[in-house]
Amino acid sequence: MNTITLTNEFHNTSINLVPGRGGLSPRQVTRARRALCGIAGCTCGGDCGERGPGNPALAINPTTGWAELA
Ligand SMILES: [Zn+2]
């Protein structure tokens, strides 16, 4: 799968990730959150810290912890 870019327009940050077959792994979700926001208790973004237009639709699977691409 190709690289995806997640952005956060509030903190003006971005990160490139290469999703696996099931989307973003729990480790990648942690990396993304840290890169895009990283502020404890901040609720600016989505499950992966993304915010703003142009981001792919992601939903955390509560069973696996993977962020699945819609
Ligand atoms: Zn934030």
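This is a predicted model: local features need pLDDT of at least 70, side-chain atom pairs count only at pLDDT 80 or more; totals for chains, interfaces and linings use all residues.
Colleague: What makes you say that the buried residues of α1 lie on the same side of the helix?

Modeller: The residues concerned are V29, A32, R33 and L36, within a helix that covers residues 26-36. The directions from the helix axis to their C-beta atoms cover an arc of only 95°, which places these residues on the same side of α1.

Colleague: Why is C48 called buried?

Modeller: The criterion is 20 or more other C-beta atoms within 10 Å. C48 has 27 C-beta neighbours inside that distance, and therefore counts as buried. C48 belongs to the loop between α1 and β3 (58-60).

Colleague: Which residues does C48 touch, leaving aside those up to four places away in sequence?

Modeller: Its contacts are L6, L24, V29, A32, R33, L58 and A67. As for L6, the sequence separation from C48 is 42 residues, while the C-alpha atoms are 8.3 Å apart in space.

Colleague: Is L69 buried, partly exposed or exposed, and how do you know?

Modeller: A residue with 12 or fewer neighbours would be exposed and one with 20 or more would be buried. L69 has 14 other C-beta atoms within 10 Å, so the residue is partly exposed. L69 is part of strand β4, and touches P19, G23, P56 and L58 when residues up to four places away in sequence are not counted. Between the C-alpha atoms of L69 and N8, which are 61 residues apart along the chain, the separation is 17 Å.

Colleague: What makes up the largest nonpolar core?

Modeller: The core has 11 residues in all: L6, L17, L24, V29, A32, L36, C37, C48, L58, W66 and A67. Its largest share, 3 residues, is contributed by α1. In soluble globular proteins, nonpolar side chains tend to be buried together. One of the core members, L58, touches L24, G46, D47, C48, E50, A67, E68 and L69, again without residues up to four places away in sequence.

Colleague: How do you know that β1 and β2 pair, and in which sense do they run?

Modeller: Pairing requires at least two bridges. β1 and β2 have 5 bridges, in the antiparallel sense, and thus meet the requirement for a pair. T7 stands opposite S14 in β2. The two strands form a hairpin with 4 residues between them, and N12 in the turn has a positive phi of about 60°.

Colleague: In what order do the elements of the chain run?

Modeller: From the N terminus on, the order is β-β-α-β-β, which comprises 1 helix and 4 strands.

Colleague: Why is the chain described as being as compact as a globular protein of its length?

Modeller: The radius of gyration is 11 Å, close to the 11 Å given by the globule rule for 70 residues, so the chain is as compact as a globular protein of that length. The C-alpha trace spans about 30 × 25 × 15 Å along its principal axes. Of the 70 residues, 27% are buried. Among contacts between residues at least 6 apart in sequence, 43% join residues at least 24 apart.

Note on methods
Residues are numbered from 1 along each chain as its sequence is written. The radius of gyration is taken over C-alpha atoms; the globule rule is 2.2 Å times the number of residues to the power 0.38. Two residues are in contact if their C-beta atoms, placed from the backbone, lie within 7 Å. A nonpolar core is a set of buried Ala, Val, Leu, Ile, Met, Phe, Trp, Tyr and Cys residues joined through C-beta atoms within 7 Å.
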